[in-house]
Amino acid sequence: METKKAAKEFKTASGIPLKNVYTPEDVKDIDYSKDIGLPGQAPFTRGPYSNMYRDRLWRIRQLSGFGSVEDQRERIKLAMKAGGAGVTLLSDFSTYCMLDIDNPKVMARLEDVGQNGAPINSLHDWETLFDGIPLDQTYTAVLGTPQMTPWNLACWLAIADKQGVPYNKLAGTGQNCFNTAYVAAPHADEVKPSSALRLVGDIIEYSVAHLPHFVPVCYSGYNIRECGITAWEEIAACFANAIAIIDEVLSRGRLGIDDFAEGISAIHLAADRDFFEEIAKFRAARRMWCRLLQDRYGAKAENLKLRMHVHTLGSSLAYEEPLNNIARVSYQVLALALGGAQSQNASSYDEAMSAPSEQAALISIRTGQIHQYESGITSVADPLGGSYLVEWLTNEVEKRAWDFLKKIDEQGGYIAALESGWLHREFLRSLLDNERKFQSGEKKMVGANFLRKDDGEEEVLPVSCFRGNPKAGEIALAELLKLRQERDNGRVKEALDELRTVCRSKDNVIPAIKKAAEAYCTIGEIGTVWREVFPVWNSPYLL
Amino acid sequence: MAKKDKPIKVLMAKTGLDGHWRGPMTVSMALRDAGMEVVYGRQLTPREIAETAIQEDVDVIGLNVCGRYETIAELLRILKERQADDKLVVAGGTIPPPDVKALKEMGVAGVFPPGSSLERIVQFIRENAGRSKTKASSAK
């Protein structure tokens, strides 16, 4: 039995020192109408909508990406049958790298294809993927890096055309996150961040003109949070990314901030282990976003509701005694609900081992549904509002986030901080600090580095491990070769030539890339154009 | 023990095309703190890993695994072919429990799934680097 020793200092997971109790004294400087307000009103601390979950529950979204396109489609259908109403697309690594299956780098690892997501490499693959899935009833997160999203968008629109769905009926989110693409999960030879800004700008302008229910940008704090950074670094890095994007669009002189602010007010955050810190972070993020755009750009407050997709942090889950992760994920889902998120992605208990098995994925969905329908927390908006601790902590997280944002500004802004490697170095510091705390046992993981069942001996419960389709690479390769034979290669060449020309001009790339998609160009061919036309970059921590 | 008076030299490489670097980075830092020399291999094919390991004359190959193991089998095969299979091969990453055993049978000396203690990894490498290996049983 562990003797309970009073720790000398109590802190949040990110390192904010905590007192033993909070009182009105700690929140006396808060002005309710200015700093907290009502849900659905600036600064949106209490939530983006006045009725919050009374009107609409948060969406339950599961990642689905592995195997062949057919496998991915079947998992999407399974999730939708269980009540999930959205699709979050993950693609194979070769797809992110914008390489065709027969590229030597991919061929050398053909058996790896399909581990992270299906290789969705041409419009033909998209057609297979969405066969039997009506786009106008499916909220689609067309996840992609800044360099890849124009392509994803083009394919998605081409499917909409085929299904006869008008663009004003399409609902979805892009991602276009620089933090993910260039810091958290980079790959070799990416389009340089400063050039990728152009692509994001084009998507935003296109979206404003044609896609009223598409949210082109969703900053992702989740992936960098997995690197072990603090709650405030997570949101500050997202907002720094936002500033770079906003400045790019404004510099074109065609749109005012209010024309596109709403479409870029979406964020994807983690729900980590510290219950109250995460709730404070969600509230602080909404308030900070509103203030940032009002103060820096004079944006109209009503356009500044920050909508959140929250993903429970995978790295907070243990390899040992995996069923314990169900308990961990459950309270993380509770945190995101009490924090006012609009959609959840609950990690599966087998997170540390593999892609989710069907059983594990179902439990993740059910966890969300149990909180939605059984816990009672959905009746009242921002139920923790007014808590001395929560309001104090919301202030504290926000303050530290502003400080970090200022540091990024001092580096010459987000893109400069990225391209110089400064951001990577800052994050590495946090990563190592976090890691040391786990290694030393200061940060405890029950059953893993603390209170292990047997000293040193692992007794792992049998769980049904997900096994991806081992033939995914072969299938994709065969499809690719068939596609190249069957398509009109003259049309392909024309489309790629036109795309190249458009890239070198200042015109919007979306129409040209859509033409290329419809001609059945492949992602590798688009990637080749990008790598020819734009400067290429490698992240300092590419490993 | 490694070669006399020289620090243990480790090549850290990824077999996959994915961009996850937290694991390799954390382990690399721990190895460096422990006085070992670390060479970053980045994302390499099995043949590239083998050739780099030989060129750099490393004692240990540390692999970040994300996906299948055919690339690892391929690497081990090439190392054997090039008579470089005295190099210690260790692997880490999201490896389900049943696969830990399978990898060891393949010839991976140490397998370190998520949560593995850095101290244990360092110790394992210290104790096993430089030893000539008896060939693993299953060479299918």
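Chain A has a radius of gyration of 23 Å, in agreement with the value near 24 Å that a compact globule of 543 residues would have. Here the radius is taken over C-alpha atoms, and the globule rule is 2.2 Å times the number of residues to the power 0.38. The model is a predicted one, in which local features need pLDDT of at least 70 and side-chain atom pairs count only at pLDDT 80 or more, while totals for chains, interfaces and linings use all residues. Residues are numbered from 1 along each chain as its sequence is written, and chains are lettered from A and ligands numbered from 1 in the order in which they are written.

Along its principal axes, the C-alpha trace of chain A spans about 75 × 60 × 45 Å. Chain A holds 21 helices and 12 strands, where helices (H or I, at least four residues) and strands (E, at least two) are DSSP runs numbered from the N terminus. Of its 543 residues, 54% count as buried; a residue is buried if 20 or more other C-beta atoms, placed from the backbone, lie within 10 Å of its own, exposed if 12 or fewer, and partly exposed in between. Among contacts in chain A between residues at least 6 apart in sequence, 79% join residues at least 24 apart, a contact being a pair of residues whose C-beta atoms, placed from the backbone, lie within 7 Å.

The interior can be followed through its nonpolar cores, each a set of buried Ala, Val, Leu, Ile, Met, Phe, Trp, Tyr and Cys residues joined through C-beta atoms within 7 Å. The largest has 146 residues, of which A:Ala236, A:Phe239, A:Ile513 and A:Ala516 touch the most other members. Helix 10 (residues 231-251) of chain A supplies the largest share of this core, 13 residues. Leaving aside residues up to four places away in sequence, A:Ala236 touches A:Ala401, A:Phe404, A:Leu405 and A:Ile408. Another core, of 40 residues, lies apart from the largest one and includes B:Ala13, B:Ile49, B:Ala53 and B:Leu103.

Turning to chain B, its 5 helices and 5 strands run β-α-β-α-β-α-β-α-β-α from the N terminus on. Of the 140 residues of chain B, 51% count as buried.

Where the chains meet, 33 residues of chain A are in contact with 32 residues of chain B. On the chain A side, the elements giving two or more residues are helix 3 (93-96) and helix 17 (422-440), and helix 17 gives the most, with 4 residues.

How values were computed. Contact = placed C-beta atoms within 7 Å.
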